[in-house]
Amino acid sequence: MSAITYKELDYHVGHKVELVKYGKEKEICLECEDCNEVLKSYTPEQDKETRVYLTNCSQDSKGFNFRDCEYKAEYDKIKDEAEKQGTVYSLEGFQEACNNEEIDLTNSFILID
Ligand SMILES: [Zn+2]
């Protein structure tokens, strides 16, 4: 996925810019025809909902050490553990659960993705 800043985009003001859809991934690209450059690309996957993965670190989980996972950037392992513990929330669900004091955040690791 490409990233573009305001300054980079400003360079293309007045150029012929168009949206093109490519391939099986249905990637949509914002392209500058004058510069023959992809300014930004989007995939349907980017629209996925944000999830809150809550892991209770005081639970005895064999083979799981969240500090190791965090250090090695093994976020999938953290997500798997949260799924095992049954504590994966939507953003709204997390807010509600917190406000209703349904969840105890003491000794918890939170991953938002
Ligand atoms: Zn351009």
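How many C-beta neighbours does Glu 101 have inside 10 Å, and does Glu 101 count as buried or exposed?

Modeller: This is a predicted model, in which local features need pLDDT of at least 70 and side-chain atom pairs count only at pLDDT 80 or more, while totals for chains, interfaces and linings use all residues. Residues are numbered from 1 along each chain as its sequence is written.

Glu 101 has 7 C-beta neighbours inside 10 Å and therefore counts as exposed. Glu 101 sits in the loop that runs between α4 (91-99) and β6 (108-112); helices (H or I, at least four residues) and strands (E, at least two) are DSSP runs, numbered from the N terminus.

The backbone of this residue also deserves attention. Most residues other than glycine have a negative phi. Glu 101, although not a glycine, has a positive phi of about 55°.

Asn 36 is not a glycine, yet its phi is positive, at about 55°. Its place is the loop between β2 (27-32) and β3 (37-42). Asn 36 is exposed, because 7 other C-beta atoms lie within 10 Å.

One further residue concerns packing. Phe 94 is in contact (C-beta atoms, placed from the backbone, within 7 Å) with Val 52 and Tyr 89, leaving aside neighbours within four places in sequence.

Notes
Two residues are in contact if their C-beta atoms, placed from the backbone, lie within 7 Å. A residue is buried if 20 or more other C-beta atoms lie within 10 Å of its own, exposed if 12 or fewer, and partly exposed in between; C-beta atoms are placed from the backbone.
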